[in-house]
Amino acid sequence: QLALVEAPPEVLAWVRFLVRCLDDHGYLSLEDAELLELGGLQGLLRDPARLAEAQRLLWSLEPRGIGARGAVHGLLLQLDPDDPETLAAAAHFFINILPPKTRESTLVGLEHARRGSIRAEARRRKDKHLRARLALLEAQALNDLARADEALEHVNDAIRLQPQLVE
């Protein structure tokens, strides 16, 4: 599959390295710091951004879920990445459920909520309830990231779309 992918050579080299790091279940069980260290020993640039790009590319390959961090992550990777309901569920998972709550998981949840909002707005049938839920998830993540002014804008959007959701 990598032969058909357009990506910088350094990223492709990282993906090949990640494939060699998969455990017997197809999971990527090593922490990013360990991967950067081992990758550096293999001559790869110890760049967290390149590693993250390579992980995203690996996660986009078939079979869906390859390189996941565990079973739940693997299931999430198998879902339709463009479906707003799926994105709302993923946002809720990363913002409210995944322990421990970290800045990184909140940022991932915020990204899912933002993508879901864009996809929900683009639909022909604009589901106000879904759009309001996504706005609230964005607000919650932004508030958790100490960006209260931005969060309030999204709360106002949710109230405008579905007043009873916020009551």
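Predicted model: local features only at pLDDT ≥ 70, side-chain atom pairs only at ≥ 80, totals over all residues.
**Stop 1: helices α6 and α7**

Two packed helices are described by the angle between their axes and the distance between the axes. Select residues 103-122, which make up helix α6, and residues 128-144, which make up helix α7. The angle between α6 and α7 is about 155 degrees, and their axes lie 9 Å apart. Angles over 145 degrees count as roughly antiparallel, so α6 is roughly antiparallel to α7. The crossing of α6 past α7 is left-handed.

Now show the side chains where the two helices meet. On the α6 side, select Thr106, Leu110, Ala113, Arg114, Gly116, Ser117, Ala120 and Glu121. On the α7 side, select Leu130, Arg131, Leu134, Ala135, Leu137, Glu138, Ala141, Leu142 and Asp144. Colour this contact of α6 with α7 by residue type: nine residues are nonpolar, three are polar and five are charged.

**Stop 2: helices α2 and α3**

Move to residues 32-41, helix α2, and residues 48-60, helix α3. How are α2 and α3 oriented to each other? Their packing angle is about 105 degrees, with the axes 11 Å apart. Angles from 65 to 115 degrees count as roughly perpendicular, and α2 and α3 are therefore roughly perpendicular to each other.

Select Asp32, Leu35 and Leu36 in α2, then Pro48, Leu51 and Gln55 in α3; these residues meet. In the contact of α2 with α3, four residues are nonpolar, one is polar and one is charged.

**Stop 3: the aromatic pairs**

A pair of aromatic rings is described by the distance of the centres and the angle of the planes. The model has two aromatic pairs. For one of them, select Trp14 and Phe17: their rings are edge-to-face, 5.5 Å centre to centre, with 85 degrees between the planes. Show helix α1, residues 9-21, as well, since Trp14 and Phe17 both lie in α1.

Next, select Phe93 and Phe94. This aromatic pair is also edge-to-face, at 5.3 Å centre to centre and 85 degrees between the planes. The cut-off for buried is under 20% relative accessible area. Phe93 has a relative accessibility of 18%, so Phe93 counts as buried. Phe94 has a relative accessible area of 13%, so Phe94 is buried too.

Note on methods:
Residues numbered from 1 in each chain as written. Heavy atoms only, no water. Axes fitted to C-alpha atoms, helices over the stretch in contact; angles between N-to-C directions. Helix = DSSP H or I, 4+ residues; strand = E, 2+ residues; numbered from the N terminus. Parallel < 35°, antiparallel > 145°, perpendicular 65-115°, else oblique. Left-handed = near helix turned anticlockwise from the far one by under 90°. Contact = heavy atoms within 4.5 Å. Nonpolar A, V, L, I, M, F, W, Y, C, P; charged D, E, K, R; others polar. Phe/Tyr/Trp six-rings, centres within 6.5 Å; stacked < 30°, edge-to-face > 60°. Buried < 20%, exposed > 50% of the residue type's maximum accessible area, 1.4 Å probe, protein only.
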